[in-house]
Amino acid sequence: IIGPFLYFILRKRGHLQTDLQLIKNTGKILLASIIMGALLWALSNFILPSLEESTLSKIMEIGILVTTGLVFYGILVQVFGIIQYSQLKALFKLRS
């Protein structure tokens with residue numbers, strides 16, 4: 001709900017300009033997000049609840065979920081052709 005609202009506000013104020021590549025990839029991005037969410041939901045509900053209820057266990061569970069989500073989403077965007085590895089690498093390259 002907040003995504004479309006933010007899109008229209010930013011677009012109206014001139015802070016966001018969409019290009020053809022973004023429009024073409026929107027469906028793929030949504031699909032990758034849904035698949036990642038399903039994986040994290042399954043991981044959280046079926047695999048990780050077997051851990052103890054201690055604070056350290058909960059911190060580890062959050063760390064596992066975040067790391068798994070990042071890695072899995074990164075793999076999905078590569079598989080779906082949303083962004084190439086070289087483009088991703090250029091985004092994080094330190095500017096001197």
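Predicted model: local features only at pLDDT ≥ 70, side-chain atom pairs only at ≥ 80, totals over all residues.
Me: Which residue forms a salt bridge with lysine 58, and how many salt bridges does the structure hold?
Reply: The idea is to look for a side-chain nitrogen of Lys or Arg within 4 Å of a carboxyl oxygen of Asp or Glu. Here the partner of lysine 58 is glutamate 61, with 3.6 Å between the closest N and O atoms, and the structure holds one such salt bridge. Both residues lie in helix 3, three residues apart, which is about one turn of the helix.

Me: Is glutamate 61 buried or exposed?
Reply: Glutamate 61 has a relative accessible area of 11%, so this residue counts as buried, whereas lysine 58, at 34%, is partly exposed.

Me: Which residues form the nonpolar patch on the surface?
Reply: A patch of this kind joins nonpolar side chains of residues that have over 30% relative accessible area. In this structure the patch is formed by Ile62, Val66, Leu70, Val71, Ile75 and Val79, which together have about 590 Å² of accessible area. One of them, isoleucine 75, lies in helix 3, which runs over residues 55-79, and counts as partly exposed because its relative accessibility is 44%.

Me: What span should helix 1 have, and what follows this helix?
Reply: The expected span can be set beside the distance between the end C-alpha atoms. Helix 1 covers residues 2-13, and at 1.5 Å a residue its twelve residues should span 16 Å; the end C-alpha atoms are 16 Å apart, so the two values agree. After helix 1 comes glycine 14, which has a positive phi, near 80 degrees.

Me: How many aromatic pairs does a search of the whole structure find?
Reply: The search finds one. This pair is formed by tyrosine 7 and phenylalanine 8, with 5.1 Å centre to centre and 75 degrees between the planes, and is edge-to-face. Tyrosine 7 is partly exposed at 30% relative accessible area, and phenylalanine 8 is exposed at 54%.

Definitions and conventions: Residues numbered from 1 in each chain as written. Heavy atoms only, no water. Patch = residues over 30% accessible without salt bridge, like charges linked within 9 Å, V, L, I, M, F, W, Y side chains within 5 Å. Areas by Shrake-Rupley, 256 points an atom, 1.4 Å probe, with all protein chains shown as cover. Helix = DSSP H or I, 4+ residues; strand = E, 2+ residues; numbered from the N terminus. Buried < 20%, exposed > 50% of the residue type's maximum accessible area, 1.4 Å probe, protein only. Expected span 1.5 Å × (residues − 1). Phe/Tyr/Trp six-rings, centres within 6.5 Å; stacked < 30°, edge-to-face > 60°.
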